[in-house]
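Thanks, everyone, for making the time. I would like to walk through the pockets of one model and then a helix contact, and I will take questions at the end.

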Amino acid sequence: MINDITEKLKAMLSPKRYMHSLGVRDTAVKLAKLYGTDEDKAAIAGLIHDCAKGLSDELLLKIAREIGIETQGIYEKQPELLHGPAGTYMAKKDFKIEDEEILHSIMCHTTGCENMSLLDKIIYIADYIEPNRSFPGLEELRKAAFRDIDEAMLLALDNTIKHVINKKQMIDIQTIKARNYILYNYF
Ligand code: DGI
Ligand code: FE
Ligand code: FE
Ligand code: FE
């Protein structure tokens, strides 16, 4: 099954995005092993998380409305924030994924959300630190990821929020909820 998924993704994504997906898969499996959660789920979620990355803004908005997301506001301006939820929709429809934990981790991989599961955190962090990534502060985040996943979550969310502020973009409510959830429960 995972071979079919991999082949299909390779055909759908740009070579760079495909390599990123393999990186997220491998990093997610390492983190799953370390923190003791299902490695197969981590592999599948890591592999497919960006399956909706190639969709047009129009299609992202259309799918979002179809699954009941209010698109007025931030998503009109930044439809790319919807590639997680749209990815969940495609994972069900095109990749026949039914596992709710996998689907949820794809849904919230860009912003995070409240009550993130261990698998959600693993996919969020693996997406951030996989070997093809490079940005200032990455090494610190990589170390944190293998020491304390919640510390890594806070670092990653803070980094994203700073980045979004510097670009004068809106902060997604889910990003705020994710950060408050981590701070409230783990610090
Ligand atoms: O799809 P990837 O590039 O692998 O990574 P991703 O799905 O984590 O998306 C990262 C992008 O999402 C990054 O450019 C910052 C953006 N992002 C995350 N949270 C927010 C945000 N952008 C805005 N405007 N607001 C947010 O709250
Ligand atoms: Fe993504
Ligand atoms: Fe991410
Ligand atoms: Fe990604």
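The largest pocket in this predicted model has a volume of about 820 Å³. Its lining comprises 28 residues, and those closest to the pocket centre are T110, Y128, T160, H163 and V164. If we sort the lining of this largest pocket by class, we find eight nonpolar, 11 polar and nine charged residues.

Which helix gives the most to that lining? It is helix 10, with seven residues; helix 10 covers 149-166, and both this helix and helix 8, at 118-129, supply at least two residues each.

Let me turn to the second largest pocket, for which the computed volume is about 250 Å³. Here 14 residues form the lining, and Y75, P85, M107, T111 and Q174 are the ones that lie nearest the centre. The class breakdown for this second pocket is eight nonpolar, five polar and one charged.

Finally, I want to come back to helix 8, which, besides supplying residues to the lining of the largest pocket, also packs against another helix, in that I125, Y128 and I129 of helix 8 meet L138, L141, R142 and A145 of helix 9. The residues of this contact divide into six nonpolar, no polar and one charged. As for the geometry, the axes of helix 8 and helix 9, the latter spanning residues 138-145, come within 10 Å and cross at roughly 145°, and the crossing is left-handed. Please note Y128 in particular, which is listed among the residues closest to the centre of the largest pocket and also takes part in the contact with helix 9.

Methods: Residues are numbered from 1 along each chain as its sequence is written. Chains are lettered from A and ligands numbered from 1 in the order in which they are written. This is a predicted model: local features need pLDDT of at least 70, side-chain atom pairs count only at pLDDT 80 or more; totals for chains, interfaces and linings use all residues. Side-chain values use heavy atoms; hydrogens and water are left out. On a 1 Å grid over the protein atoms alone, a cavity is a set of points where a 1.4 Å probe fits but cannot get out, and a pocket is an open set with protein on both sides within 12 Å along at least five of seven lines; lining residues have an atom within 4 Å of a point. Grid points are joined across faces, edges and corners, and a volume is the space filled by probe spheres set on the points. Helices (H or I, at least four residues) and strands (E, at least two) are DSSP runs, numbered from the N terminus. Ala, Val, Leu, Ile, Met, Phe, Trp, Tyr, Cys and Pro count as nonpolar, Asp, Glu, Lys and Arg as charged, and the others, Gly among them, as polar. Axes are lines fitted to C-alpha atoms, for helices over the stretch in contact, and angles run from 0 to 180 degrees between N-to-C directions. A crossing is left-handed if the near helix is turned anticlockwise from the far one by less than a right angle, and right-handed if clockwise. Contact means heavy atoms within 4.5 Å.
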